[in-house]
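Here are my notes on the model. Please read them with the structure open.

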Amino acid sequence: MAATITPSLRSALERLKHGGAVNGLLLGWRRQILINLLPFEEFRAERLLQAVHDAHAHFSSGGDRDVKSFWFGYEGVFVLALLQGECLLITLHTHASEVDFLRRAGLTFLDDTQLLVEALLHPAPDDENSREATQPLGQLDTGDHPPEASGPTKVIPRHA
């Protein structure tokens, strides 16, 4: 699943990386890494992912509370970990004042990620309407052109 989901989320994650003083991002699903944009080797990113999952399991082990975010401060860098559903987003950033903005942006990103993961795990069944509305391009009636078009696409030159 990681190979299917990675290209569609990577550009959104890159844009999130440029929002504020972000040094690195890690997107995980369950206990596996989907996208690693951290300035660390892969095994260090894996250890960070497992440590956040272990902390989540520890703090929610009593069953009376469900922790959805962690924020750790170290010398020169902060770690914001957001959990939503089975997805986890870890953000390394340098300005403490940006944590609220990064939290909101990260939760929005995780909402979209959950929708994409759900669509990949449980695809919609084919229905008769969607098969009739679309046609493969190689099997069209009018010489490989859509019925609405009168011919090939017209090229408009850049300079008139």
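How much of the protein chain do buried residues make up? They make up 33% of its 160 residues. Buried means under 20% relative accessible area, exposed over 50%, and partly exposed in between, with a 1.4 Å probe and protein chains only.

1. **Basis.** This is a predicted model, in which local features need pLDDT of at least 70, side-chain atom pairs count only at pLDDT 80 or more, and totals for chains, interfaces and linings use all residues. Residues are numbered from 1 along each chain as its sequence is written, and side-chain values use heavy atoms, with hydrogens and water left out.

2. **Layout.** The protein chain has four helices and five strands. Their order from the N terminus is α-β-β-α-β-β-β-α-α. Helices (H or I, at least four residues) and strands (E, at least two) are DSSP runs, numbered from the N terminus.

3. **Surface and contacts.** The protein chain exposes about 10,600 Å², and carbon and sulfur atoms supply 54% of it. Areas come from the Shrake-Rupley method with a 1.4 Å probe; for residues, only the protein chains shown count as cover. Among contacts with a separation of 6 or more, 45% join residues 24 or more positions apart. Contact means heavy atoms within 4.5 Å.

4. **Helix α2.** This helix covers residues 42–59. Its 18 residues should span 26 Å at 1.5 Å a residue, and its end C-alpha atoms are 26 Å apart, which agrees. The expected span is 1.5 Å times one less than the number of residues. Buried here are Ala45, Leu49, Val52, His53, Ala55 and His56. An α-helix has 3.6 residues a turn, so residues three or four places apart point the same way. Exposed Arg47 and His58 sit on the face turned away from the buried side. The buried residues of α2 pack against β1 (22–29), β2 (32–36), β3 (69–74), β4 (77–84) and β5 (87–93).

5. β3 and β4 pair in the antiparallel sense over six bridges. Two strands pair if DSSP finds at least two bridges between them. Phe72 stands opposite Val79 in β4. Two residues lie between these strands, and Gly76 in this hairpin takes a positive phi near 90 degrees. β4 and β5 are also antiparallel, over seven bridges. Leu83 stands opposite Leu88 in β5. This hairpin has two residues between its strands, and Gly85 takes a positive phi near 65 degrees. β4 is mostly covered, with six of its eight residues buried.

6. **Cores.** The largest nonpolar core holds 20 residues; Leu13, Leu16, Leu25, Leu27, Ile35, Leu89 and Phe109 touch the most other members. A nonpolar core is a set of buried Ala, Val, Leu, Ile, Met, Phe, Trp, Tyr and Cys residues joined through side-chain atoms within 4.5 Å. At least two residues each come from α1 (2–17), β1, β2, β4, β5 and α3 (99–121). α3 gives the most, with six residues. Apart from this core lies another, of 15 residues, among them Phe70, Ala81, Leu88 and Ile90.

7. **Ile90.** This residue is in strand β5. Beyond four places in sequence, Ile90 touches residues including Leu26, Leu49, Val52 and Val79.

8. **Helix α3.** It has 23 residues and reaches 32 Å from first C-alpha to last, close to the 33 Å expected. Its buried residues include Leu102, Phe109, Leu110 and Thr113. Thr113 has 0% relative accessibility and so counts as buried. Outside four places in sequence, Thr113 touches Leu9, Leu27 and Cys87.

9. **Leu107.** Leaving aside neighbours within four places, Leu107 is in contact with Leu82 and Gln84.
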